[in-house]
Amino acid sequence: DWTMAAYRAEAIAKIRAQVGSGRVICGLSGGVDSAVAAVLIHEAIGDQLTCVFVDHGLLRLGEAERVVTLFRDSYNIPLVHVEAEELFLKELEGVTDPEVKRKTIGRLFIDVFEAEATKIGGADFLAQGTLYPDVIESVSFTGGPSVTIKSHHNVGGLPERMNMKLVEPLRELFKDEVRALGRELGLPEGFVGRHPFPGPGLAIRCPGEITREKLEILRQADAVYLEEIRRAGLYDAIWQAFAVLLPVRTVGVMGDYRTYDYVCALRAVTSVDGMTADFYPFDMAFLGRVATRIINEVRGINRVTYDVTSKPPGTIEWE
Ligand code: XMP
């Protein structure tokens, strides 16, 4: 019968067979999927693997430090940390269309990996933590016509000129199975149980043009929201929760002053695999508390709303 231990052994054998004595470069996003893929591949081929963590400037508060620490200190897996905020934000300047954002970010990721591969004398394979639902959703929407809902930035193959083959050991797995595999590989529970975080990061939680200022506001609001969710003991009951910074400013009043600041939308959903989802039914007192804290503590936001859309018809992310 089927166990994660057996899956692990089989996946390792497959990776060895595919890679042979080749060199593999693996992109870490900070999320669970790419971390599990990296640890699995490292177990299979050791130092034939080079992990690259690209900080695109679209990460949450404290995220980069957490990933670097986990890999360097807990796992002793060498990690190349690329500071690419400048590059990504420059290319995203003036971009407002969600698909253009996604494609721009995907293209830059490839550019960065290519440059890093060259630095280590070339790599034969690019490893990614692509899951089964990522594959499906980039192709078509369940039961509907065959149209692209969103271009997941890590799906769709590589430009031909790259001359690297893909290693995707999680391609047949759903999220809960990836978590089980992560536990099997000894990843800390606090890491394995983390909510999913999309490759394009905060870019797709900031509708409209992305600026450093907006990203900073969004990071602060998101951190307050998640702190309150953890404090209320709700983190593990929720599939994913995050803040979205709307490109809309509204009038408010703070003390004796008029304010004219951004609106923040809060999102939280329950789901089994991310393919469908229900909005999370927080009690109003909780939402009120979060709103008060965000408005008091985060400069630049003076109004908070809660998204009560399920998927379908909404998607989990706003873009
Ligand atoms: P949507 O918004 O399509 O999201 O309902 C479903 C799940 O996928 C995550 N997501 C992504 N993950 N690269 C990723 O690695 C992406 O481009 C991407 N877009 C969405 C999303 O956070 C949710 O968990």
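This is a predicted model: local features need pLDDT of at least 70, side-chain atom pairs count only at pLDDT 80 or more; totals for chains, interfaces and linings use all residues.

**Entry 1: a helix over the strands.** Which strands does helix H5 lie across? I found H5 (residues 98-119) lying across E1, E2 (49-55), E3 and E4, and it runs at about 140° to E1.

Entry 2: Next I wrote down the strand order, which is E3-E2-E1-E4-E5. These 5 strands form an open sheet with parallel pairing. At the edges I noted E3 (79-83) and E5 (165-167), each of which pairs on one side only. From one strand to the next, the twist averages 30°. I then picked out the pairing of E1 (residues 24-28) with E4 (residues 125-127), where 3 bridges join the parallel strands. In that pair, Ile25 stands opposite Leu126.

**Entry 3: H4 against H5.** I came back to H5 to see how it meets a helix. Two packed helices are described by the angle between their axes and the distance between the axes. For H4 (residues 85-92) and H5, I noted an angle of about 145° and axes 10 Å apart. The crossing is right-handed. On the H4 side I listed Leu87, Phe88, Glu91 and Leu92, which meet Lys101, Thr104, Ile105 and Leu108 of H5. Sorted by class, this contact has 5 nonpolar, 1 polar and 2 charged residues.

Entry 4: How many residues does each domain bring to the contact? The domain assignment gives domain 1 as 4-192 and domain 2 as 206-306. Their C-alpha centres lie 28 Å apart. Domain 1 brings 12 residues to the contact and domain 2 brings 11. On the domain 1 side I noted 7 nonpolar, 3 polar and 2 charged residues.

Entry 5: I moved on to H9 (residues 212-231) and H10 (residues 284-297), whose axes come within 10 Å and cross at roughly 145°. This crossing is right-handed. H9 makes the contact with Ala221, Val224, Tyr225 and Glu228, while H10 uses Arg289, Val290, Arg293, Ile294 and Glu297. By class, I wrote down 5 nonpolar, no polar and 4 charged residues.

**Entry 6: a hairpin.** E6 (residues 240-254) and E7 (residues 257-270) run antiparallel, joined by 12 bridges. Met254 stands opposite Tyr257. The hairpin has 2 residues between the strands, and Gly255 takes a positive phi near 65° there.

Entry 7: Most residues other than glycine have a negative phi, and most peptide bonds are trans. With that in mind, I flagged Asn76, a residue other than glycine with a positive phi near 60°. I placed Asn76 in the loop between H3 (63-75) and E3. I also flagged the bond from Lys311 to Pro312, which is cis with omega near -15°. A cis bond also joins Pro312 to Pro313, with omega about 10°. I found Pro312 in the segment after E9 (301-306), and Pro313 is also in the segment after E9.

**Entry 8: around the ligand.** Which residues are closest to the ligand? I noted Pro198, Gly199, Thr315, Ile316 and Glu317, out of 15 residues that surround the ligand. This shell has 4 nonpolar, 7 polar and 4 charged residues.

Note on methods. Residues are numbered from 1 along each chain as its sequence is written. Two strands pair if DSSP finds at least two bridges between them. Helices (H or I, at least four residues) and strands (E, at least two) are DSSP runs, numbered from the N terminus. Axes are lines fitted to C-alpha atoms, for helices over the stretch in contact, and angles run from 0 to 180 degrees between N-to-C directions. Two residues are in contact if their C-beta atoms, placed from the backbone, lie within 7 Å. Domain bounds come from an automatic or database domain assignment. Ala, Val, Leu, Ile, Met, Phe, Trp, Tyr, Cys and Pro count as nonpolar, Asp, Glu, Lys and Arg as charged, and the others, Gly among them, as polar. A crossing is left-handed if the near helix is turned anticlockwise from the far one by less than a right angle, and right-handed if clockwise. A residue is near a molecule or strand if its C-beta atom, placed from the backbone, lies within 6 Å of it.
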